[in-house]
Amino acid sequence: MANDTLIRKIFSLSPYIEIMLRRVYWSNIGRIPKKTKKSNKARQVEETKLDYASIKRFLVDHGARQGGLLLVHSAFGPLKGRGKTADQVLDFLLEIVGPHGTLAMPAMPKFKNAIKTEDYLKPLDPDVIYEYDVKKSKIKTGVLPTMLHKRKESRRSLFPINTMVALGPLAEELFQGNLEGESPLACGVNSSWKRCVDNDALIVGLGTDLTHSLTAIHVAEDVQDQTWPIKDWYIEKKFRITDGDYSELRVLRERAPKWGALHFAERTLCRDLISERILISTKIDGVLVELIKAKELLSYLNKRNNKGYPYYGI
């Protein structure tokens, strides 16, 4: 953890330091050892009751409300064994928005033929088809969205890129017509992510670095589409999308991997959002809790991204 904090501080000194070190990282990806899981001994310090009342107070003080929309990025590891099961954490979040509110979470599918990390920047095989089953495809974005998806009342989007799951009155609206349009995008004009912005979502990071997980920044890119200032932004991939009796083969565009891997100044973005008081961050009993108002985020990005911010070295 100390090493991660130091790396983030170094990256935040300049976007060009970050993109230079990103290139070093990806040039040596095959030589970098994989992270090992924490030992039980290391977890013993963490496994004390978590003050959920303080988490609720923090969220409510900064915009969470009954009838509102919470878009939560989460990691269950820091919460495990600390007073609530995964289902109870979901109940806690649902209680904050109440029966007339909506809880949404990223629910990206785990593809059986997913690209290996060491091959991430290599050209794609154009004949590969990625299979996405709305009901059956496993979720790679954590325990909490997986458990939310298991709830009978929840809904999961048809879009196979930056997929979302939601429970509440807005779920149908968020996911309606996501695949419509001449060439739909994961965070484009008809996307669930754009509708989260339109519905004034409060974006929350629970136990995870929110800037690192901040999918909503791609609304600023995808809504502009052809007028986005960086050329060759998208690649095409084939998906077979299944939902019960519905099945369709679609060719969809997504951001080319190189832009996020080599050019995204994540820590500069984090520093700037904190400086502008758009990103609010705290730790409660050692758990990182962060939040951003979606409309404020998009307003800020739209004012700055005429040259592609927060991407550098283009």
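D243, at 25% relative accessibility, counts as partly exposed (between the limits for buried, under 20% relative accessible area, and exposed, over 50%, with a 1.4 Å probe and protein chains only). D243 forms a salt bridge with K135, and the closest N and O atoms are 2.4 Å apart. A salt bridge here is a side-chain nitrogen of Lys or Arg within 4 Å of a carboxyl oxygen of Asp or Glu. D243 lies in strand β7 and K135 in the loop between β3 and α6 (143-150), so this pair ties together parts that are 108 residues apart in sequence. K135 itself counts as exposed, at 54% relative accessibility. Helices (H or I, at least four residues) and strands (E, at least two) are DSSP runs, numbered from the N terminus.

The model is predicted: local features need pLDDT of at least 70, side-chain atom pairs count only at pLDDT 80 or more, and totals for chains, interfaces and linings use all residues. Residues are numbered from 1 along each chain as its sequence is written, and side-chain values use heavy atoms, with hydrogens and water left out.

A further salt bridge joins the side chains of E131 and R240 (3.8 Å, N to O). E131 belongs to strand β3 (residues 129-133) and R240 to strand β7 (residues 234-243), so the two residues tie together parts 109 residues apart in sequence. E131 is partly exposed, with a relative accessible area of 45%, and R240 is likewise partly exposed, at 30%.

R253 is found in strand β8 (residues 246-255) and is buried, with a relative accessible area of 12%. The side chains of R253 and D225 meet in a salt bridge (3.0 Å, N to O). This pair links distant parts of the chain, with R253 in strand β8 and D225 in the loop between α9 (217-224) and β7, 28 residues apart. D225 is partly exposed, its relative accessible area being 21%.

The side chain of R253 also makes a polar contact with the side chain of S183 (3.0 Å). A polar contact is a pair of N or O atoms within 3.5 Å; within protein, one must be able to donate a hydrogen and the other to accept it, and residues adjacent in sequence count only if both atoms are side-chain atoms. Leaving aside neighbours within four places in sequence, R253 is in contact (heavy atoms within 4.5 Å) with I161, S183, L185, D225, Q226, Y234, I235 and E236.

## Salt bridges in the whole structure

A search of the whole structure finds 17 salt bridges. R8, E18, R22, D209, E266 and R267 are linked in a network of such bridges.

Strand β6 (residues 202-206) is mostly covered, with 5 of its 5 residues buried. In a regular strand the side chains alternate between the two faces of the sheet. In β6 both faces are covered: L202, V204 and L206 are buried on one side, and I203 and G205 on the other.

Strand β1 (residues 69-74) runs parallel to β6 and is joined to it by 5 bridges; two strands pair if DSSP finds at least two bridges between them. H73 stands opposite G205 of β6. Strand β10 (residues 287-293) pairs with β6 in the antiparallel sense over 5 bridges, and L291 in β10 is the bridge partner of V204.
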